[in-house]
Amino acid sequence: MASEEASLRALESLMTEFFHNCTTNERKREIEELLNNFAQQIGAWRFCLYFLSSTRNDYVMMYSLTVFENLINKMWLGVPSQDKMEIRSCLPKLLLAHHKTLPYFIRNKLCKVIVDIGRQDWPMFYHDFFTNILQLIQSPVTTPLGLIMLKTTSEELACPREDLSVARKEELRKLLLDQVQTVLGLLTGILESIWDKHSVTAATPPPSPTSGESGGDLLSSLLQSPSAAKLLNQPIPILDTESEYICSLALECLAHLFSWIPLSTSITPSLLTTIFHFARFGCDTRARKMPSVNGSSQNSVLGQERGRLGILAMSCINELMSKNCVPMEFEEYLLRMFQQTFYLLQKITKESNAHSVKSRLEELDESYIEKFTDFLRLFVSVHLRRIESYSQFPVVEFLALLFKYTFHQPTHEGYFSCLDIWTLFLDYLTSKIKSRLADKETVLNRYEDALVLLLTEVLNRIQFRYNQAQLEELDDETLDDDQQTEWQRYLRQSLEVVAKVMELLPTHAFSTLFPVLQDNLEVYLGLQQFVVTSGTGHRLNITAENDCRRLHCSLRDISSLLQAVGRLAEYFIGDVFAARFNDALTVVERLVKVTLYGSQIKLYNIETAVPSVLKPDLLDVHAQSLAALQAYSHWLAQFYSEFHRQNPEQFISLVSTALEAITPLISSKVQEKLLLSACHLLVSLATTVRPVFLISIPAVQKVFNRITDTSAQRLPDKAQVLVCRAISNVLLLPWPNLPESEQQWAVRSSNHASLISALTREYRHLKSSAILPQRKVRLEDTKVIIHQTLSVLEDIVESISGESTKSRQICYQSLQESVQVSLALFPAFIHQSDVTDEMLSFFLTLFQGLRVQMGVPFTEQIIQTFLNMFTREQLAESILHEGSTGCRVVEKFLKILQVVVQEPGQVFKPFLPSIISLCMEQVYPIIAERSSPDVKAELFELLFRVLHHNWRYFFKSSVLASVQRGIAEEQMENEAQFSAIMQAFGQSFLQPDIHLFKQNLFYLETLNTKQKLYHKKIFRTTMLFQFVNVLLQVLVHKSHDLLQEEIGIAIYNMASVDFDSFYSAFLAEFLASCDGVDSNQKHVLGRNFKMDRDLPSFTQNVHRLVNDLRYYRLCNDSLPPGTVKL
């Protein structure tokens, strides 16, 4: 015993030293190694048992329990049965003797260790494991301990980890399901008895009217039975600490049980009612403020505990709610659950003399509100369609409660979550109406009032006029992961709700929103009278602080409402164009007026009393009015094609006024936000609307002259690109409603040529000087010219790539010289990866959009130039030494080749051998061994395209062979290249990059679907089972677990080519090659893999094989050395 005593003292001092803050990392590593070695010894557990019963040192106890955990989970197979019996009997005794005094984390760990034994040995060798837990729960002294054991059992046995065989997992689940009814009965009993024992008896006076507890008319309609209503109206009992603790444990157990047991009648009505009783703890504000007991400060803690019971009860309810599969016999229970929850919702949102709804919600625990919102979301998304048909369920009243709950949320996040619920409801309603068009009116009439109320309130919430305090709290500076600020997110989510209501009730929505915008615009349009001219320019003569603040709020509201009007543009076009024409016309006329007004009185350049606030506001209103008008460009296009003949003046006037508003803004002196809004609107008019008279409007000619005049100051890059795109499109895009003969292509073509000629003048001059060695200064200037010119040209090509042949022809004629200059410049800049990057971007866009127009000889010349330039050395320099820009250059080059190999016909086929050899002999060796994913995705996509679009290059399919399928095998050509490509795919599955793995697996599966890759003789005979082997190994190593399902399906598709060989030869070979398992285990693994030939059963067998193989390896690793296995 002395040695045990001495060991304990030594261990205690080691542990104290380890956790002391002066101990070095070096020394900590030594101690750790010492402890690990001690734990590995056979029989170490005896010492640990002694340590546990004799020490008070937490570290020592934790270490001892870890030794046991390791022994049970990893070495249990090799422990002699006598020792196992001793451990099974000693640990529970230890727990019983010390559970009251042990720190809670040690007690919980000890419980888990005992449950781990049950996981291995119950019921065969540890038959009283579960009975003991039930006895602990039933004995009042040990109830809490029993509940902790029960929850741990549910966690560890219902959804066990990897370290069990599939058969054992299934057995444990079945054993637990057999116990569910008993367990639920016990838990119901505990909760009910505590509730009843502490319930306030009828002798207490009824609650005062101000406490807001009185029944209410909705309640009786919800619950259908006065007795249930009476029951739920009882005051909440006041529990002692011990009872609260037991109830919280019982509710935690229920929440975990509900996460995996199926909905069935063992979840009884009395259990549900009891859970609801406890849910009331969360929504009872009095529970938070109990009268002080003996003046102690315990109440706040007690109040929190009681609030926590409400949160736990709601977690239980939400676990049940989240199950979509509801058996018929359970539907009635569900209805009862909803009725009871809506009673709680009514209670939470009840107004009383003492409380407003908002202050009530603020007093509740934030987590409780979160759980309640989760419940409402689950109700609407999963169960509304099921419940709506019950006549006794008052959906409209429910919406009224949800409305109150939404608009009294104390936090922004809470409000967002509620808006999500409304979005779900509106989606549900929209799809319901689409599927039942006949009774559309009936459905809408039922909900119309609720929707109009919702719309009005959401609109009020985005306006400073009604909601200034809250809106000023929103951050409009910091960007979140979606690149939007908190304010932008708030506005966007609100406008989505507005748009969904508009889709359902267009007239109502419009008549609610437009007058509000009109009122606000009057303020904006009235600013003109306050503009005075001073020595330095124009000034806004509004200086009183209060007036400035009101103006600030009004301008912010105009911006938001303009965005709302823009968001609704899509509901005025298409089939409803004629019906809603007048409304849309009113909007567009108003928007045109507002944009022109802003540009004429130049509010964006005006001096104000508070420039830091009002200047950005005025700028934003102007920019938003242009953006809102741009949203109506599709409506203008439809107006042009349908009504233009009848009413041309009205249309011409709208477009020309809009252009008058745009042109003054296209200047480098205008702030970029406003400038870009104007450019985008110009692009939309030129591209979407395309009126024939656009080029003859003086305003457009002015813009044309401005960008072709080299002496004028150049616009910022983005704006320059947009304006050039707009002018180019005016000249290139065919006019709608006109025959080919009236398109005036000749004039437009010469205008386009002079536009491009002016834009590329400096660029084309580079050709002669590019040959000379560049001085540093000249090089920087040259780079700027190349960047500015190519960004404009690339954008012009991209914008017409999907257009008619004529447009593309004219475009290429204008660009031809610049393209040849680019090709001539390319070799001179091959070592400047930033320039090469831009040039290749330009060529890639040309190949995608204009390859037909470029013609075969020139395209060949380009490809040949690139293939000559990208030598092995150049590729290595780009990929290995130039960082991300160099890699981007190679990626773009590969993208160009992807376009080339996809081209149908024979034109580019001669390039295939050199493209494949570039890939396999030059690029692939450089990147194969690099862990970085750069270039790999593009290379494999190119290889996939080579195979997919040029299958005949490898497999010559003769008509005869396809007729006599099965007799003649297809002839194979270029076999070595095909094998090399397949080998590269195989290698990629051995690398950790999960995206590349997923992409390449998809490519192989596609080639199999389209071209029967797995059935080809070369694949079937030399590669098939190598691939299956690699994929199985990946599953066993768990390196790409997210792709389990895809890998399983791919293995099936490969195996199904030749199931006979798979079952007769491959499986045995695979198992024979597996190390870490003995021959008997291999035999069991093979026997358990049933010879199923359907996909679901086969993939299930694959996952079973993988799981059990891992399990056996784990067991074998844990056996003590020298163990004899029979």
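Val 935 lies in the loop between α40 (912–928) and α41 (936–949), where helices (H or I, at least four residues) and strands (E, at least two) are DSSP runs, numbered from the N terminus. Although Val 935 is not a glycine, its phi is positive, at about 70 degrees. With a relative accessible area of 0%, Val 935 is buried, a term that means under 20% relative accessible area, whereas exposed means over 50% and partly exposed in between (1.4 Å probe, protein chains only).

This is a predicted model, in which local features need pLDDT of at least 70 and side-chain atom pairs count only at pLDDT 80 or more, while totals for chains, interfaces and linings use all residues. Residues are numbered from 1 along each chain as its sequence is written, and side-chain values use heavy atoms, with hydrogens and water left out.

A positive phi is also found at Gln 744, a residue other than glycine, and the table sets out both cases.

| Residue | Phi | Loop between |
|---|---|---|
| Val 935 | about 70 degrees | α40 (912–928) and α41 (936–949) |

Gln 744 counts as partly exposed, because its relative accessibility is 47%.

Another loop, between α6 (104–121) and α7 (129–138), holds Pro 123, and the peptide bond leading from Trp 122 to Pro 123 is cis, with omega near 0 degrees.

Helix α13 (residues 269–279) has 9 of its 11 residues buried, so this helix is largely enclosed by the rest of the structure. Among the buried residues of α13 are Leu 271, Leu 272, Ile 275, Phe 276 and Phe 278, and also His 277.
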